[in-house]
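Good morning, and thank you for joining.

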Amino acid sequence: MNRQQLIKQIFEKQSFLCVGLDTDTKKIPQHLLNEEEPIFSFNKSIINATAPYCVAYKPNLAFYEAFGLKGMAAFEKTIEYLKTNYPDHFIIADAKRGDIGNTSSMYARTFFEAYNLDALTVAPYMGEDSVTPFLGYDGKWVILLALTSNKGSHDFQLTADEKGERLFEKVLRTSQQWGSKENMMYVVGATQGKMFEDIRKVVPDYFLLVPGVGAQGGSLQEVCKYGMNKDCGLLVNSSRGIIYASNGTDFAQAAAEKAKELQQEMAKELSRLK
(Lines give C-alpha, C1' and ligand atoms only; values in the text may rest on other atoms or scores of the structure.)
Protein backbone atom coordinates (compact mmCIF):
# COMPACT_ATOMS: atom_id res chain seq x y z
CA MET A 1 0.00 0.00 0.00
CA ASN A 2 1.46 3.35 -1.00
CA ARG A 3 1.16 6.67 0.85
CA GLN A 4 -1.80 8.01 -1.14
CA GLN A 5 -3.75 4.79 -0.70
CA LEU A 6 -3.16 4.90 3.05
CA ILE A 7 -4.25 8.54 3.29
CA LYS A 8 -7.36 7.74 1.23
CA GLN A 9 -8.30 4.92 3.63
CA ILE A 10 -7.85 7.19 6.64
CA PHE A 11 -10.14 9.92 5.35
CA GLU A 12 -12.73 7.56 3.89
CA LYS A 13 -13.04 5.59 7.14
CA GLN A 14 -12.50 8.66 9.34
CA SER A 15 -10.03 6.61 11.32
CA PHE A 16 -6.29 6.29 11.81
CA LEU A 17 -6.62 3.42 14.25
CA CYS A 18 -4.23 0.48 14.20
CA VAL A 19 -5.27 -2.56 16.24
CA GLY A 20 -2.36 -4.42 17.79
CA LEU A 21 -2.72 -8.18 17.70
CA ASP A 22 -0.60 -8.97 20.78
CA THR A 23 -2.35 -12.27 21.37
CA ASP A 24 -1.43 -13.89 24.69
CA THR A 25 -3.03 -17.25 25.51
CA LYS A 26 -2.90 -16.30 29.21
CA LYS A 27 -5.24 -13.37 28.53
CA ILE A 28 -7.64 -14.58 25.86
CA PRO A 29 -11.03 -15.95 26.95
CA GLN A 30 -10.69 -19.38 28.51
CA HIS A 31 -13.31 -20.99 26.30
CA LEU A 32 -11.09 -20.44 23.26
CA LEU A 33 -8.35 -22.62 24.73
CA ASN A 34 -10.52 -25.65 23.96
CA GLU A 35 -10.33 -24.90 20.25
CA GLU A 36 -7.75 -26.43 17.93
CA GLU A 37 -6.26 -23.04 17.00
CA PRO A 38 -7.00 -20.68 19.91
CA ILE A 39 -4.68 -17.85 18.77
CA PHE A 40 -6.09 -17.73 15.27
CA SER A 41 -9.67 -18.12 16.53
CA PHE A 42 -9.16 -15.13 18.82
CA ASN A 43 -7.53 -13.04 16.08
CA LYS A 44 -10.23 -13.87 13.56
CA SER A 45 -12.98 -12.75 15.95
CA ILE A 46 -11.13 -9.57 16.89
CA ILE A 47 -10.49 -8.71 13.23
CA ASN A 48 -14.10 -9.27 12.20
CA ALA A 49 -15.30 -7.11 15.08
CA THR A 50 -12.88 -4.21 14.67
CA ALA A 51 -12.30 -4.02 10.91
CA PRO A 52 -15.01 -1.36 10.33
CA TYR A 53 -13.27 1.01 12.75
CA CYS A 54 -9.57 0.70 11.92
CA VAL A 55 -7.28 1.06 8.93
CA ALA A 56 -4.41 -1.14 10.11
CA TYR A 57 -3.43 -4.21 12.12
CA LYS A 58 -0.13 -4.78 13.87
CA PRO A 59 0.67 -8.33 14.96
CA ASN A 60 3.59 -8.38 17.39
CA LEU A 61 5.87 -11.24 16.35
CA ALA A 62 7.01 -12.02 19.90
CA PHE A 63 3.50 -13.21 20.76
CA TYR A 64 3.65 -15.77 17.94
CA GLU A 65 7.30 -16.81 18.04
CA ALA A 66 6.84 -17.70 21.72
CA PHE A 67 4.72 -20.67 20.65
CA GLY A 68 7.11 -22.05 18.07
CA LEU A 69 5.69 -23.58 14.92
CA LYS A 70 2.11 -23.44 16.19
CA GLY A 71 2.45 -19.75 16.93
CA MET A 72 3.95 -18.96 13.55
CA ALA A 73 1.24 -21.01 11.86
CA ALA A 74 -1.34 -18.83 13.66
CA PHE A 75 0.52 -15.72 12.49
CA GLU A 76 0.50 -16.94 8.89
CA LYS A 77 -3.20 -17.82 9.03
CA THR A 78 -3.96 -14.40 10.50
CA ILE A 79 -2.11 -12.66 7.67
CA GLU A 80 -3.81 -14.82 5.06
CA TYR A 81 -7.22 -14.12 6.63
CA LEU A 82 -6.60 -10.37 6.57
CA LYS A 83 -5.41 -10.37 2.98
CA THR A 84 -8.34 -12.45 1.79
CA ASN A 85 -11.13 -10.75 3.72
CA TYR A 86 -9.84 -7.24 4.43
CA PRO A 87 -7.38 -6.43 1.62
CA ASP A 88 -7.63 -2.66 2.16
CA HIS A 89 -6.21 -2.82 5.68
CA PHE A 90 -2.56 -1.91 6.21
CA ILE A 91 -0.59 -4.72 7.90
CA ILE A 92 2.44 -3.99 10.06
CA ALA A 93 4.75 -6.68 11.37
CA ASP A 94 5.98 -5.44 14.74
CA ALA A 95 9.24 -7.38 14.73
CA LYS A 96 11.85 -4.66 15.43
CA ARG A 97 14.41 -6.25 13.14
CA GLY A 98 17.83 -4.76 12.40
CA ASP A 99 21.19 -6.41 11.79
CA ILE A 100 24.12 -6.30 9.39
CA GLY A 101 23.20 -5.87 5.74
CA ASN A 102 23.03 -9.46 4.53
CA THR A 103 20.95 -10.50 7.56
CA SER A 104 18.62 -7.54 7.10
CA SER A 105 18.21 -8.56 3.46
CA MET A 106 16.91 -11.93 4.61
CA TYR A 107 14.57 -10.33 7.13
CA ALA A 108 13.27 -8.12 4.32
CA ARG A 109 12.62 -11.18 2.15
CA THR A 110 10.76 -12.81 5.04
CA PHE A 111 8.31 -10.01 5.66
CA PHE A 112 8.02 -8.37 2.24
CA GLU A 113 8.24 -11.42 -0.02
CA ALA A 114 7.22 -14.52 1.95
CA TYR A 115 4.50 -12.80 3.99
CA ASN A 116 3.96 -9.84 1.62
CA LEU A 117 3.21 -7.42 4.46
CA ASP A 118 2.96 -3.66 4.09
CA ALA A 119 5.38 -2.56 6.80
CA LEU A 120 7.96 -3.71 9.31
CA THR A 121 9.31 -2.07 12.45
CA VAL A 122 13.10 -1.75 12.35
CA ALA A 123 15.72 -0.74 14.93
CA PRO A 124 18.07 1.86 13.37
CA TYR A 125 21.01 1.66 15.75
CA MET A 126 23.31 -0.39 13.54
CA GLY A 127 23.14 2.34 10.91
CA GLU A 128 22.37 2.80 7.24
CA ASP A 129 23.47 -0.56 5.87
CA SER A 130 21.23 -2.36 8.36
CA VAL A 131 18.16 -0.39 7.21
CA THR A 132 18.50 0.11 3.44
CA PRO A 133 17.83 -3.57 2.55
CA PHE A 134 14.27 -3.02 3.75
CA LEU A 135 13.80 0.06 1.56
CA GLY A 136 14.18 -1.64 -1.81
CA TYR A 137 10.58 -2.86 -2.09
CA ASP A 138 7.94 -0.82 -3.91
CA GLY A 139 4.87 -0.11 -1.82
CA LYS A 140 6.51 -1.38 1.36
CA TRP A 141 7.35 0.62 4.45
CA VAL A 142 10.10 0.71 7.06
CA ILE A 143 8.96 2.00 10.45
CA LEU A 144 12.03 3.12 12.40
CA LEU A 145 12.12 3.29 16.16
CA ALA A 146 12.58 6.95 17.09
CA LEU A 147 11.15 7.87 20.50
CA THR A 148 9.40 5.00 22.22
CA SER A 149 6.79 4.95 24.99
CA ASN A 150 8.59 2.76 27.51
CA LYS A 151 10.21 4.14 30.67
CA GLY A 152 13.68 3.12 29.53
CA SER A 153 13.44 5.33 26.44
CA HIS A 154 15.07 8.05 28.54
CA ASP A 155 18.21 5.96 29.04
CA PHE A 156 19.50 6.57 25.51
CA GLN A 157 16.97 8.20 23.19
CA LEU A 158 16.94 11.54 25.02
CA THR A 159 20.69 11.82 25.55
CA ALA A 160 22.20 14.82 23.77
CA ASP A 161 25.56 15.37 22.07
CA GLU A 162 27.80 18.40 22.55
CA LYS A 163 25.65 20.40 20.12
CA GLY A 164 22.46 19.60 22.03
CA GLU A 165 21.05 17.22 19.44
CA ARG A 166 19.28 14.34 21.13
CA LEU A 167 19.73 10.80 19.88
CA PHE A 168 16.16 10.43 18.62
CA GLU A 169 16.59 13.67 16.66
CA LYS A 170 19.79 12.33 15.10
CA VAL A 171 17.91 9.19 14.07
CA LEU A 172 15.19 11.33 12.46
CA ARG A 173 17.61 13.64 10.62
CA THR A 174 20.05 11.00 9.43
CA SER A 175 17.49 8.43 8.30
CA GLN A 176 15.87 10.91 5.91
CA GLN A 177 18.95 10.39 3.74
CA TRP A 178 18.02 6.70 3.40
CA GLY A 179 14.29 6.79 2.74
CA SER A 180 11.46 9.26 2.17
CA LYS A 181 7.96 10.02 3.37
CA GLU A 182 6.80 7.53 0.73
CA ASN A 183 8.42 4.50 2.33
CA MET A 184 9.48 5.39 5.86
CA MET A 185 7.60 6.07 9.09
CA TYR A 186 8.72 6.50 12.69
CA VAL A 187 7.63 4.97 15.98
CA VAL A 188 6.84 7.69 18.53
CA GLY A 189 5.20 6.71 21.80
CA ALA A 190 1.93 8.40 22.76
CA THR A 191 3.26 9.01 26.26
CA GLN A 192 5.80 11.50 24.87
CA GLY A 193 3.17 14.27 24.73
CA LYS A 194 4.56 17.66 23.70
CA MET A 195 7.71 15.99 22.35
CA PHE A 196 5.67 15.52 19.17
CA GLU A 197 6.27 19.21 18.52
CA ASP A 198 10.02 18.62 18.43
CA ILE A 199 9.58 15.59 16.21
CA ARG A 200 7.42 17.49 13.73
CA LYS A 201 10.13 20.15 13.42
CA VAL A 202 12.42 17.46 12.00
CA VAL A 203 9.93 15.25 10.10
CA PRO A 204 6.88 17.42 9.36
CA ASP A 205 5.50 15.25 6.56
CA TYR A 206 6.28 11.69 7.64
CA PHE A 207 3.79 9.25 9.09
CA LEU A 208 4.23 8.36 12.76
CA LEU A 209 3.20 5.02 14.26
CA VAL A 210 2.04 5.87 17.76
CA PRO A 211 1.73 3.11 20.39
CA GLY A 212 0.76 3.78 23.99
CA VAL A 213 -2.77 5.18 23.71
CA GLY A 214 -5.08 3.54 26.22
CA ALA A 215 -3.45 0.92 28.43
CA GLN A 216 -0.13 2.81 28.60
CA GLY A 217 -1.78 6.12 29.42
CA GLY A 218 -1.16 8.14 26.26
CA SER A 219 -3.69 10.82 25.29
CA LEU A 220 -5.12 10.71 21.78
CA GLN A 221 -6.02 14.38 21.94
CA GLU A 222 -2.50 15.37 22.94
CA VAL A 223 -0.98 13.21 20.20
CA CYS A 224 -3.23 14.85 17.62
CA LYS A 225 -2.67 18.38 18.93
CA TYR A 226 1.10 18.14 18.57
CA GLY A 227 1.57 15.37 16.02
CA MET A 228 -1.11 15.57 13.33
CA ASN A 229 -0.29 17.12 9.95
CA LYS A 230 -2.42 18.00 6.90
CA ASP A 231 -2.47 14.36 5.72
CA CYS A 232 -3.22 13.15 9.26
CA GLY A 233 0.27 11.65 9.40
CA LEU A 234 -0.59 9.32 12.26
CA LEU A 235 -1.34 5.66 12.79
CA VAL A 236 -2.35 5.32 16.43
CA ASN A 237 -2.07 1.83 17.81
CA SER A 238 -4.11 0.31 20.60
CA SER A 239 -3.55 -3.29 21.61
CA ARG A 240 -4.56 -4.34 25.13
CA GLY A 241 -7.17 -1.61 25.48
CA ILE A 242 -9.12 -3.12 22.59
CA ILE A 243 -8.39 -6.80 22.29
CA TYR A 244 -8.66 -7.49 26.03
CA ALA A 245 -11.64 -5.23 26.71
CA SER A 246 -13.39 -8.37 27.97
CA ASN A 247 -12.22 -11.90 28.72
CA GLY A 248 -15.72 -13.36 28.50
CA THR A 249 -17.73 -14.72 25.62
CA ASP A 250 -18.55 -11.13 24.66
CA PHE A 251 -14.86 -10.33 24.00
CA ALA A 252 -15.34 -9.53 20.31
CA GLN A 253 -18.30 -7.23 20.94
CA ALA A 254 -16.37 -5.44 23.70
CA ALA A 255 -13.40 -5.01 21.36
CA ALA A 256 -15.69 -3.57 18.69
CA GLU A 257 -17.12 -1.06 21.16
CA LYS A 258 -13.66 0.11 22.25
CA ALA A 259 -12.49 0.39 18.65
CA LYS A 260 -15.61 2.35 17.72
CA GLU A 261 -15.05 4.75 20.63
CA LEU A 262 -11.53 5.48 19.42
CA GLN A 263 -12.66 5.81 15.80
CA GLN A 264 -15.29 8.38 16.79
CA GLU A 265 -12.67 10.38 18.70
CA MET A 266 -10.42 10.19 15.66
CA ALA A 267 -13.17 11.42 13.37
CA LYS A 268 -13.48 14.53 15.54
CA GLU A 269 -9.74 15.14 15.29
CA LEU A 270 -9.77 14.68 11.51
CA SER A 271 -12.63 17.16 11.17
CA ARG A 272 -10.27 19.87 12.44
CA LEU A 273 -8.19 19.48 9.27
CA LYS A 274 -10.97 20.75 7.00
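**Strands and helices of the model**

Two strands are taken to pair if DSSP finds at least two bridges between them. Within this pairing, Ala-93 has Leu-120 in β4 as its bridge partner.

A word on the source: this is a predicted model, in which local features need pLDDT of at least 70 and side-chain atom pairs count only at pLDDT 80 or more, while totals for chains, interfaces and linings use all residues. Residues are numbered from 1 along each chain as its sequence is written, and side-chain values use heavy atoms, with hydrogens and water left out. Helices (H or I, at least four residues) and strands (E, at least two) are DSSP runs, numbered from the N terminus.

Now to the wider arrangement. A closed barrel of eight strands, with parallel pairing, runs β1-β2-β3-β4-β5-β6-β7-β8. From one strand to the next, the twist averages 30 degrees. Angles run from 0 to 180 degrees between N-to-C directions, and axes are lines fitted to C-alpha atoms, for helices over the stretch in contact.

Which strands does helix α5 lie across? Helix α5 (residues 101-114) lies across β3, β4 and β5 (141-147), and runs at about 160 degrees to β3. Contact here means heavy atoms within 4.5 Å. Helix α10, in turn, lies across β7 (207-210) and β8 (234-238), at about 165 degrees to β8.

Helix α8 (residues 167-175) and helix α9 (residues 195-202) have axes 9 Å apart and pack at an angle of about 30 degrees. The two are therefore roughly parallel to each other, a term for angles under 35 degrees. Their contact is made by Phe-168, Glu-169, Leu-172 and Arg-173 of α8, together with Met-195, Asp-198, Ile-199 and Val-202 of α9. By class, this contact has five nonpolar, no polar and three charged residues. Nonpolar covers Ala, Val, Leu, Ile, Met, Phe, Trp, Tyr, Cys and Pro; charged covers Asp, Glu, Lys and Arg; the others, Gly among them, are polar.

Finally, helix α10 (residues 220-227) and helix α12 (residues 251-271) cross at roughly 30 degrees, their axes coming within 11 Å. That makes α10 roughly parallel to α12. Here Leu-220, Gln-221 and Cys-224 in α10 meet Leu-262, Glu-265, Met-266 and Glu-269 in α12.

How values were computed
Angles under 35 degrees count as roughly parallel, over 145 as roughly antiparallel, 65 to 115 as roughly perpendicular and the rest as oblique.
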